[in-house]
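Trainee: I have a structure to learn from. Can we go through it by question and answer?

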Amino acid sequence: MTLSRTILSAALLAGASLCAAPALADGHPAAEETSAPSKYFTGDDLFGLSVAADPQISPDGTRIAYVRRTNDIMLDRAVSSIWLIDIASGAETPLVAGQGTHVSPRWSPDGKRLAYVSTESGGGTELHVRWMESGVSANITALPESPDAIAWSPDGETIAYSARVPDAAFSLGKAPAKPEGAEWGKPLQMIDSVTYRRDGGGYLKPGTVQLFLVDAEGGAPRQLTRGEHNNGGTVEWSPDGKTLLFAGNRSADWEMQPLESEIYALDITSGNIAQITRRVGPDFAPQFSPDGRQIAYLGYDDLGNAYDQTRLWVMSADGSNVRQIAADFDRSFDALEWNRAGLFAAYETDGTRKVARVALSGEVSPLPAQLGDTYYALPYTGGEWSVSNAGRMAFTTQSAVRPPDIGVTTRTGSRILTSLNELKLGAKEQGQTRELAVTAPDGATIPAWIMLPPGYEEGGRVPMILEIHGGPYAAYGPEFSADYQLYGAAGYAVLFTNPGGSTGYGEAFADRIEDNYPISNHDELMAAVDAAITAGYADPDNLFVTGGSGGGILTAWVIGKTDRFKAAASHKPVINWVSHALMADAIPYFGPYWLGALPWEDPQHYWERGPLSNMANVKTPTLVLVGADDYRTPRSEAEQLYGALKLVGVDTALVVTPDSSHNNLSQTPSQQAARTSAVIAWFDKYRKGKDRDEGSAAGTD
């Protein structure tokens with residue numbers, strides 16, 4: 001569970017434009033004609049931006065179905081459609097488009113049909129199947145909520161999936177009888193569950209996730225699991241079609257065990273469920289070997305740490321003969337696929353995400369593919385992928401100047417099949433990213449990059465923003481970021497790093513913040529700022545700092561430790577670990593795992609690690625931003641920071657994004673643009689040498 005991954009209030013900075021002109025060597029924006037479209041990336045460019053996601057390669061490796069999400073300016077949201085690529089020719093055709101949302105394409109084993117989820121009828125979520133030769137689609141079953149973990153049976157006759165099953169709400173007493181025609185207030189909301197709200201999902205409706213089976217040609221679904229436990233995750237069929245594997249926690253105290261899960265085998269005929277893994281810690285993502293004799297899965301021993309790398313395991317189909325694979329590989333595996341071409345596993349490494357073929361002997365052989373995340377707001381590592389029966393992989397890929405496209409591996413490497421944003425962005429001047437050498441005070445190497453603004457002239461010093469990633473157990477890489485390009489267009493360089501705690505650099509590097517986050521990151525981040533100044537990029541009199549979630553925490557921490565920044569913008573921070581531990585959407589998790597105790601067991605430790613403890617030292621003008629419906633780092637945390645800044649007399653403002661959760665992409669495109677515009681306007685207010693008569697932060701674009 002991460003903190004990774006706010007709108008501009010109507011009255012706040014209401015006149016600010018969406019981006020600024022580029023910086024020249026002296027950091028001053030260049031003038032542009034108002035009548036011409038900007039040659040730099042602007043907030044307007046978020047509309048029409050397309051992202052390729054969920055690439056599913058056909059079993060024979062000749063075609064790829066993928067989801068294309070395009071930001072619609074009239075709807076102010078991303079519209080999803082499903083497209084098909086012929087790999088040999090590169091030709092693309094739309095499969096499912098038009099009204100509604102269309103996602104989750106999944107090939108039948110013979111490649112003749114494609115299942116997908118759609119709301120095209122307007123009556124709710126439906127599971128559809130498309131016959132590829134005829135082009136005809138049919139609604140297989142209508143569902144009250146969107147299905148997950150869609151999996152075809154090996155013979156192609158049925159489809160398994162998971163979905164929430166409603167349950168009766170907790171209730172105490174009752175209201176008086178309501179007279180006919182009366183208009184009364186809303187009924188009371190009563191809660192007795194441990195996790196009663198979830199970021200991105202709001203206040204949870206009563207119910208549990210269960211497994212279902214439906215005929216691939218339509219009909220009423222059969223419910224396979226029941227009870228008070230959630231049963232879901234990856235759904236995996238045995239090659240003979242007799243067994244389903246799934247992960248869940250079916251213990252009596254499951255609500256208070258945030259990480260615990262085991263792998264279960266469900267007999268399709270009898271409905272009997274057998275537990276086949278047993279340990280304290282999560283076991284998940286099971287995959288049968290092609291002969292059905294073995295199962296690969298992911299997991300680790302839960303030792304109560306804030307972070308543990310996930311390991312790869314293989315066992316016999318009955319749960320015996322458990323052994324770890326690639327035990328010496330010091331990276332965390334996060335996804336698996338096992339087919340006739342081999343066992344494939346994904347992992348983060350050195351600011352990127354890779355997929356490797358893993359031999360049962362432990363040899364890890366990376367595939368020649370550079371994966372790219374579908375999260376275009378900030379440069380987080382990630383990526384989505386699938387592998388054909390012959391070992392050809394389809395994947396999402398991107399660069400520092402292009403959002404995700406679809407790629408495919410070849411015999412000699414890989415090639416990119418789509419160029420969704422080339423026409424839109426090809427003529428734009430964008431900021432360019434360079435690697436930066438950074439050494440922490442204790443001698444550790446801190447991976448870092450700097451994106452220089454468009455129009456940058458060698459040797460020139462420009463205003464610089466230190467932008468800190470969230471997580472904190474996550475990682476950045478040299479990937480596309482809409483936020484960064486907007487900062488660059490406003491004349492700012494952007495420094496971004498992977499300080500201690502970042503993933504993809506081994507267990508020891510992640511453990512640099514065990515039991516001390518955010519304290520130990522401060523010196524690492526300041527070393528990165530110093531390196532950018534020493535390299536001649538950053539103007540030491542024009543430094544700014546921002547970050548979201550874990551980066552918002554560090555922003556709030558940094559301003560209590562140094563006055564070197566002209567201004568700060570803290571997105572969705574945690575300011576008070578006590579209130580966060582009791583209000584976030586993972587009550588059993590954050591206190592015990594991140595702080596090592598409950599608030600009343602070690603209040604001093606909670607206080608020492610919270611930015612609130614440094615508030616008397618803060619002098620840096622700080623903008624505070626948060627989503628109105630953020631339940632990961634709740635809105636109350638940002639409001640506490642705002643209130644504390646007011647009390648100590650530091651210039652501040654609060655920006656709240658309506659209907660937005662923790663994820664920046666839960667904001668509409670217009671909200672994303674307005675949020676970044678607010679940050680630029682705040683920084684411009686304190687930027688040395690910035691001519692106040694130039695107008696808004698976006699110049700005249």
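Trainee: Which residues in α4 meet α5, and which residues in α5 do they meet?

Mentor: First, the basis. This is a predicted model, where local features need pLDDT of at least 70, side-chain atom pairs count only at pLDDT 80 or more, and totals for chains, interfaces and linings use all residues. Residues are numbered from 1 along each chain as its sequence is written, and side-chain values use heavy atoms, with hydrogens and water left out.

Mentor: Now the contact, which means heavy atoms within 4.5 Å. Helices (H or I, at least four residues) and strands (E, at least two) are DSSP runs, numbered from the N terminus. From α4 come Asn 521, His 522, Leu 525 and Met 526; in α5 they meet Leu 554, Trp 557 and Val 558.

Trainee: At what angle do α4 and α5 pack?

Mentor: Axes are lines fitted to C-alpha atoms, for helices over the stretch in contact, and angles run from 0 to 180 degrees between N-to-C directions. The axes of α4 (residues 521-534) and α5 (residues 550-558) lie 11 Å apart, at an angle of about 85 degrees. Under 35 degrees counts as roughly parallel, over 145 as roughly antiparallel, 65 to 115 as roughly perpendicular and the rest as oblique. So α4 is roughly perpendicular to α5, at about 85 degrees.

Trainee: Is helix α7 largely enclosed or left open, and why?

Mentor: Buried means under 20% relative accessible area, exposed over 50%, partly exposed in between (1.4 Å probe, protein chains only). Among the buried residues of α7 are Pro 588, Tyr 589 and Trp 594. Seven of the nine residues of α7 (residues 587-595) are buried, so the helix is largely enclosed by the rest of the structure.

Trainee: Which helices do the buried residues of α7 pack against?

Mentor: Look on both sides of α7 in the numbering. The partners are α6 (577-583) and α8 (603-608).

Trainee: Which strands stand at the edges of the four-stranded sheet?

Mentor: Two strands pair if DSSP finds at least two bridges between them. The open sheet runs β27-β28-β29-β30, with antiparallel pairing. Each edge strand has a single partner, so one side of each is left without a neighbour in the sheet. The edge strands are β27 (385-387) and β30 (414-416).

Trainee: Which residue of β29 is the bridge partner of Phe 395?

Mentor: Strand β28 (residues 393-399) pairs with β29 (residues 402-409) over five bridges, in the antiparallel sense. The partner of Phe 395 is Gly 407.

Trainee: Which side chain makes a polar contact with Ser 316?

Mentor: Ser 316 is in strand β21 (residues 311-316). A polar contact is a pair of N or O atoms within 3.5 Å; within protein, one must be able to donate a hydrogen and the other to accept it, and residues adjacent in sequence count only if both atoms are side-chain atoms. At 2.9 Å from Ser 316, the side chain is that of Asn 321.

Trainee: Is Ala 326 buried or exposed?

Mentor: Find Ala 326 in the loop between β22 (323-325) and β23 (333-339). Its phi is positive, near 55 degrees, in a residue other than glycine. At a relative accessible area of 9%, Ala 326 is buried.

Trainee: What is omega for the peptide bond from Gly 471 to Pro 472?

Mentor: Pro 472 is in the loop between β33 (462-468) and α2 (482-489). The bond is cis, with omega near -5 degrees.
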